[in-house]
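I opened this entry to get my bearings in a structure I had not seen before. My notes follow in the order I looked things up.

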Number of protein chains: 2
Amino acid sequence: MIEEQQDRCQVRCIHDDRIAQARRQALPAPETEAMAALFKAMGDPGRLKILWALAEGEMCVCDLAALLESSESAVSHQLRLLRQMALVSNRRQGQVLYYRLNDDHVHLLITMALEHIREA
Amino acid sequence: MIEEQQDRCQVRCIHDDRIAQARRQALPAPETEAMAALFKAMGDPGRLKILWALAEGEMCVCDLAALLESSESAVSHQLRLLRQMALVSNRRQGQVLYYRLNDDHVHLLITMALEHIREA
DNA sequence: CCTTTATATGAAAATATGTTCATATATTTA
DNA sequence: TAAATATATGAACATATTTTCATATAAAGG
């Protein structure tokens with residue numbers, strides 16, 4: 001015999017106070033989204049290699065493609081993502097676009113991540 | 001008339017010196033991979049919400065499911081990922097598993113990311 | 001201007017990620 | 001020890017991401 005499905009909330013709440021507190025202190029949704037997008041952009045070996053290489057100084061697209069042993073088109077797509085996340089920017093000199101890190105946060109974030117994985 | 005395809009390297013190298021330098025200073029592949037996995041783990045709004053909530057103190061799975069308005073199964077899968085990345089750990093008290101942040105790096109990483117997106 | 005070079009971009013194809021659903025496990029309680 | 005609770009997990013499905021390929025654009029050089 002199957003009981004009639006009761007129409008009550010699906011989600012058990014053990015510590016309502018704790019949940020309420022978490023809700024109060026939660027970040028605004030747009031910030032959470034933006035942060036997730038930032039971390040996601042850094043969450044790819046290829047893009048990380050790019051960022052780490054640019055920490056030493058600017059490079060052009062075909063340099064980066066050579067470094068990553070990947071196609072220039074693929075690198076260009078990755079760079080667009082990094083640009084959209086304000087992680088890198090570029091300057092044009094003739095036909096060549098030189099990419100560089102946008103600010104120090106990037107380098108700091110990578111350094112801190114390294115610390116984490118090295119101690120774990 | 002289509003010319004016979006020449007068999008030369010696909011990848012143009014404009015600044016060989018710069019590429020060589022980047023190669024020398026590059027991180028070991030396993031570290032790059034581990035870092036990418038770490039950032040990827042943080043690159044999801046749901047998981048970020050979890051981490052941010054846990055920064056205030058430990059919570060159990062069903063608390064987190066209630067907070068995220070998501071299924072406990074989904075949250076459990078996310079927590080597994082965060083555990084694998086050594087971002088969170090848990091302690092059991094009876095039937096309940098309480099999750100907490102593993103160390104301060106996580107909080108620092110999030111704080112720094114916030115700075116980045118707020119200034120951009 | 002017509003060609004070449006360096007890069008960007010859109011769309012399709014290939015791949016990875018996240019969620020759901022069913023089921024398994026661990027712990028407490030009856 | 002059987003039932004209930006809290007959570008974990010595997011596999012299938014849905015969705016998102018990445019790469020590739022073809023084509024577009026922007027600057028420089030004939």
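Confidence. I noted to begin with that this is a predicted model. For chain A I found an average pLDDT of 89, with 89% of the residues scoring at least 70.

Chain contact. I read off 51 residues from chain A and 51 residues from chain B. On the side of chain B that touches chain A, helices H1 (16-25), H2 (29-42) and H3 (45-54) are among the elements that each supply at least two residues. I sorted that side of chain B by class and got 33 nonpolar, 11 charged and seven polar residues.

Symmetry. I superposed chain B on chain A with a rotation of 180° and 0.0 Å of shift along its axis, at an RMSD of 0.1 Å. The two copies are therefore related as by a two-fold rotation axis. I also noted that 100% of the contact residues of chain B recur in chain A, so the same surface serves both copies.

DNA. I listed 26 residues around DNA strand D, the closest being Cys60(B), Val61(B), Cys62(B), Ser73(B) and Ser76(B). H5(B) gives the largest share of this surface, six residues. By class I recorded 13 polar, eight nonpolar and five charged residues near DNA strand D.

Technical notes: Residues numbered from 1 in each chain as written. Chains lettered and ligands numbered in written order. Predicted model: local features only at pLDDT ≥ 70, side-chain atom pairs only at ≥ 80, totals over all residues. Contact = placed C-beta atoms within 7 Å. Helix = DSSP H or I, 4+ residues; strand = E, 2+ residues; numbered from the N terminus. Nonpolar A, V, L, I, M, F, W, Y, C, P; charged D, E, K, R; others polar. Least-squares fit on C-alpha atoms with pLDDT ≥ 70 in both. pLDDT = per-residue confidence, 0-100. Near = placed C-beta within 6 Å.
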